[in-house]
Amino acid sequence: MKSEQQEIFENRAAYQNKATENHCPNCDEPLVFGLKDKYHEFSMGLSTVLQLLLVAEKEGYVPKLPDEWVIQVLNDFRIE
């Protein structure tokens with residue numbers, strides 16, 4: 001029997017070549033990406049993608065991002 005963590009890692013989402021400008025008046029996401037895993041189609045907002053990029057930078061998986069860029073992203077997308 002697979003562990004929950006193993007199942008999560010084996011069910012990765014893939015970009016579906018869909019990015020849509022969000023026209024939702026009650027949403028703060030300017031851009032939403034279409035994703036699909038083995039079982040679902042779903043969306044992910046740009047702010048989530050940027051949060052994940054900042055985590056990857058903190059963990060050393062991507063090069064250090066310019067401080068000015070990080071500050072602007074944190075402010076523009078209200079990321080903590």
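## Salt bridges

A salt bridge, as the word is used here, is a side-chain nitrogen of Lys or Arg within 4 Å of a carboxyl oxygen of Asp or Glu. By that rule, the structure holds two salt bridges. Keep in mind that this is a predicted model, where local features need pLDDT of at least 70, side-chain atom pairs count only at pLDDT 80 or more, and totals for chains, interfaces and linings use all residues. Residues are numbered from 1 along each chain as its sequence is written, and side-chain values use heavy atoms, with hydrogens and water left out.

One of the two salt bridges joins the side chains of Glu-41 and Lys-18, at 4.0 Å from N to O. This pair links distant parts of the chain, since Glu-41 sits in strand β3 and Lys-18 in strand β1, 23 residues apart. Glu-41 counts as exposed at 57% relative accessibility, while Lys-18 is partly exposed, with a relative accessible area of 44%. In another salt bridge, the side chains of Asp-67 and Lys-64 meet at 2.9 Å, again N to O. Lys-64 is exposed, with a relative accessible area of 61%. As a general idea, side chains of opposite charge can pair when their charged atoms come close.

## The sheet

Now for the strands. Two strands pair if DSSP finds at least two bridges between them. Here, three strands form an open sheet in the order β1-β2-β3, with antiparallel pairing. The edge strands are β1 and β3, and each of them pairs on one side only. On average, neighbouring strands of this sheet are turned by 30° against each other, direction ignored. (For such angles, axes are lines fitted to C-alpha atoms, for helices over the stretch in contact, and angles run from 0 to 180 degrees between N-to-C directions.)

Let's look at the pairings one by one. Strands β1 and β2 run antiparallel and are joined by five bridges; Ala-14, for instance, has Lys-36 in β2 as its bridge partner. Five bridges also join β2 to β3, which run antiparallel too. There, Phe-33 has Met-44 in β3 as its bridge partner, and Leu-35 has Phe-42 in β3. A hairpin through four residues joins β2 to β3.

## An aromatic pair

Rings of Phe, Tyr and Trp (its six-membered ring) pair if their centres lie within 6.5 Å; planes under 30 degrees apart count as stacked, over 60 as edge-to-face and the rest as tilted. By this rule the count comes to one aromatic pair. The ring centres of Tyr-15 and Phe-33 are 6.2 Å apart and their planes stand at 70°, so the pair is edge-to-face. Because Tyr-15 lies in strand β1 and Phe-33 in strand β2, the pair ties together parts that are 18 residues apart in sequence.

Which of the two rings belongs to a buried residue? Phe-33 counts as buried at 19% relative accessibility, whereas Tyr-15 counts as partly exposed at 45%.

## Helix α2

Helix α2 covers residues 46–58. What span should its 13 residues have? The expected span of a helix is 1.5 Å times one less than its number of residues, so helix α2 should span 18 Å, and its end C-alpha atoms are 18 Å apart, which agrees. After α2 comes Gly-60, whose phi is positive, near 85°.

The buried residues of α2 are Leu-46, Ser-47, Leu-50, Leu-54, Ala-56 and Glu-57. They pack against β2 (31–36), β3 (41–45) and α3, where contact means heavy atoms within 4.5 Å. Helix α2 lies across β2 and β3, running at about 70° to β3.

Asn-17 has a positive phi of about 60° although it is not a glycine. Its place is in strand β1, residues 14–21, and Asn-17 is exposed, with a relative accessible area of 66%.

Arg-78, also not a glycine, has a positive phi of about 50°. You'll find Arg-78 in the segment after α3 (67–76), where this residue is exposed at a relative accessible area of 64%.

Notes. Helices (H or I, at least four residues) and strands (E, at least two) are DSSP runs, numbered from the N terminus. Buried means under 20% relative accessible area, exposed over 50%, partly exposed in between (1.4 Å probe, protein chains only).
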